[in-house]
Amino acid sequence: MPKRRLIPHRRWDSCLPLQPKNWVKIMKIAMIGTGYVGLVTGACLAKIGHEIICVDHDDTKVVALRGGTIPIYEPGLDNVVAEAIGKGQLSFTADLAQAVESVDVVFIAVGTPQASDGRSDLSQIETAAKQIAKSANGDKLVVVKSTVPVGTCRRVGRILGKHGGSHSFRVASNPEFLREGNAVSDFMQPDRIVYGSNTAEAEAVMDEIYAQFEADNVPMVKTTLETSELIKYSANAFLAAKVAFINEMANLCDATGANVEDLSLGIGLDERIGKAFLKPGPGYGGSCFPKDTLALTILAQEADSPSRIIESVVDSNSNHIRRLGRKIADFCADSWGEERANPLIDKRIAVLGLAFKANTDDIRSAASTVIAPLLIKQGASVIGFDPEATQAAEAVIDHIETTTDIDTALTGADAVVVLTEWDVIKAIEWAEKRPLLNAPVVIDLRNLYAPERMAELEYHYLSLGRPNPA
Ligand code: UDX
């Protein structure tokens, strides 16, 4: 077990309220996987004083990371990584065996993508567990950080036992709740920290890793492996349900003349409901909600305890985006006074925002990946603007043209569809942009602009659940 030693009082970023401690028990930790979760967690654990060695099988990525080049867009992460490398608390390697040998604790933060049957593909977890077992030179605690179905940590324990020779392994589950785009501050200012374990010893090591947060009164939920695994799925499913719910309410507002913004406020001020996650949009996307909600429905069915609520959330979200696709085409045709059977043919449509939400370059399950192909299929030419996600979008959306310049996207556009709430998109002054456009048609699926202002500027403006002024 690691020795306790004193490290000097360190200076903390003023925005991070975690109080500095002049003590920490420095843990040596290997982090397998340097994706969004592994890299943020590794870098932030290094920031709070631990010694982290991040492992990735991609040599080129390792070399880039050693030089401080971050392969993803995550605000603030570059500074955290550079600082930790500079202090010698963060290093990168492609040599998993060497990393495992040099630590007592190994985190697994590899991908658990959706398999073709909707389940989580656990092959990367299993491979990592086998490699850890085969490389172990002593007893280790293996912490599963990746989002996994209930039972996976026990399975990891069995794999470790089978391939790990005479060494003994403890297992812990430690789900992350990091939002992309806010991941560093979410790590440093968590609402809670959750871990599950199969032994008191494993829990004691987890206590040491997160000691500073506990000392700072961050609520700690220490539980069983199964509960910890299910907490992660439940949290994402509950949040996804809030988003699907408010999107349905926005549609109902459209149908009845009510206003969804007032509705969100009117229900969100009830503390039992809460104001967060009540913004209508083009449906939830990203790497977590779509995958985790689906995996939870399958898990529940297999446990003979089906979750009709989450099944409906999944259906509601996919119906929502399809319905919006039809709505965009109908609204464009009405605004243009087009009576052709295929009104989008030869029209140019600017899509503003390709990432699944602001402040990320991630386009996994982004609205753009559904809406742009639908428009293109109906004969429109689509130009997509995004500050960070153009390359990723080009790789998956056939025939899309992209730009990182808003004016280029708007020039000659017959309609504009707003999909992501980037600040730079929020800040568009539509009076100035009018001369660039071929037709003043704006479909705003994030409710970023005031309907009164858009009416004043004589735009044909469609938003979600907000009546246009008469
Ligand atoms: C989510 C969870 O929030 C995080 O705790 C977990 O660890 C990983 O999954 P993330 O996928 O980064 O994080 O995105 P989040 O900010 O939660 O948004 C998810 C989706 O819901 C996005 O598509 C977002 O645009 C949408 N959303 C969110 C809304 O449409 N309306 C809202 O009010 C909130």
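I began with aromatic pairs, taking rings of Phe, Tyr and Trp (its six-membered ring) as paired if their centres lie within 6.5 Å, with planes under 30 degrees apart counted as stacked, over 60 as edge-to-face and the rest as tilted. By this rule I count nine aromatic pairs. This is a predicted model, so I note that local features need pLDDT of at least 70, that side-chain atom pairs count only at pLDDT 80 or more, and that totals for chains, interfaces and linings use all residues. Residues are numbered from 1 along each chain as its sequence is written, and side-chain values use heavy atoms, with hydrogens and water left out.

**Rings**

For accessibility I took buried as under 20% relative accessible area, exposed as over 50% and partly exposed as in between (1.4 Å probe, protein chains only). Tyr 195 is buried at 0%, and Tyr 210 is buried at 2%. Ring pairs also join Tyr 195 and Tyr 210 with Phe 187 and Phe 213 in a cluster.

I next checked Arg 192, which lies over the face of Phe 177 at 3.6 Å from the ring centre; here a charge sits over a ring if NZ of Lys or CZ of Arg is within 6 Å of the ring centre and within 35 degrees of the ring normal. Lys 347 is placed over the face of Trp 336 in turn, at 4.7 Å from the ring centre.

**Charges**

I then turned to salt bridges (a side-chain nitrogen of Lys or Arg within 4 Å of a carboxyl oxygen of Asp or Glu), of which the structure holds 28. Lys 327 and Asp 254 form one of them, at 2.9 Å from N to O. Lys 327 is in helix H13 (residues 308-336) and Asp 254 in helix H10 (residues 225-256), so this bridge ties together parts 73 residues apart in sequence. Lys 327 is partly exposed at 23%, and Asp 254 is partly exposed at 32%.

I also looked up Asp 292, which bridges to Lys 291 with the closest N and O atoms 3.4 Å apart. Asp 292 is buried at 0%, and Lys 291 is buried at 13%.

Key. Helices (H or I, at least four residues) and strands (E, at least two) are DSSP runs, numbered from the N terminus.
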